[in-house]
Amino acid sequence: MEQIRTRKSHPYDIVQIIKDDHRNLKALLSTLKDDNEPYLKKQEAFQKLALLLEAHVGPELETWYKCLKYEHRFTVEISEGELEHRLALQICKDMEATTSEGSFMLKARVLAEMALHQIMVEERDLLPELDVATTLDKRIELGLIYLEMQRHIEVLQNSEHHLYPHSSPDQLQ
């Protein structure tokens, strides 16, 4: 009889944490991508998205991306993801400074398409690889580090001296 592998879940498993973050990001990105959404609604969605994205990108790159890249040699996929993350932050920075409605709407669509594509790649290819390549204990360790980094960024965001929009994507290296 074939034994079915049941996946243990844990609230601090980085795979689950990332999927939860992605759900929140996808909702806002779909607003940015929707051509029928008005400018003001997209601006509102962008303001929320920019903060969530900032609190997501750095911790993601420093935890499970680094784990796959250096410990498990998924270098090409991770390098592409790193570039797309940096480009997303740069587009956010550009959008923050944009005064033209048309330019903002264009950048919103590009950002949404690129970020949604990256989320799809992560959920379809990279997160399952991480799940297979690591133990639950390692994923919990990464999840705890991720959440601590995220909390630190959120504290900075709520202070007078937050990272966004003045940070440079190059500072995340």
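Here is a short tour of the model, one selection at a time.

Before you click anything, note that this is a predicted model, where local features need pLDDT of at least 70, side-chain atom pairs count only at pLDDT 80 or more, and totals for chains, interfaces and linings use all residues. Residues are numbered from 1 along each chain as its sequence is written, and side-chain values use heavy atoms, leaving out hydrogens and water.

**Start with the whole chain.** Show it as a cartoon: you get 5 helices and 0 strands. Helices here are DSSP runs of H or I with at least four residues, strands are runs of E with at least two, and both are numbered from the N terminus. Of the 173 residues, 42% count as buried. Buried means under 20% relative accessible area, exposed means over 50%, and partly exposed is in between, using a 1.4 Å probe and protein chains only.

**Now select residues 136–157.** That's helix α5. It has 22 residues and reaches 31 Å from its first C-alpha to its last, close to the 32 Å expected at 1.5 Å a residue (the expected span is 1.5 Å times one less than the number of residues).

**Colour its two sides.** Which residues of α5 are buried? They are R139, I140, L142, G143, Y146, L147, Q150, I153 and Q157. These cover an arc of only 160° around the axis, so they sit on the same side of α5; the arc is that of the directions from the helix axis to the C-beta atoms. On the other side, D137 and V155 are exposed.

**Zoom in on R139.** At 5% relative accessibility, R139 counts as buried. Its side chain reaches the backbone oxygen of T134 at 2.9 Å.

Terms used: Polar contact = N/O pair within 3.5 Å; in protein donor to acceptor, adjacent residues only side chain to side chain.
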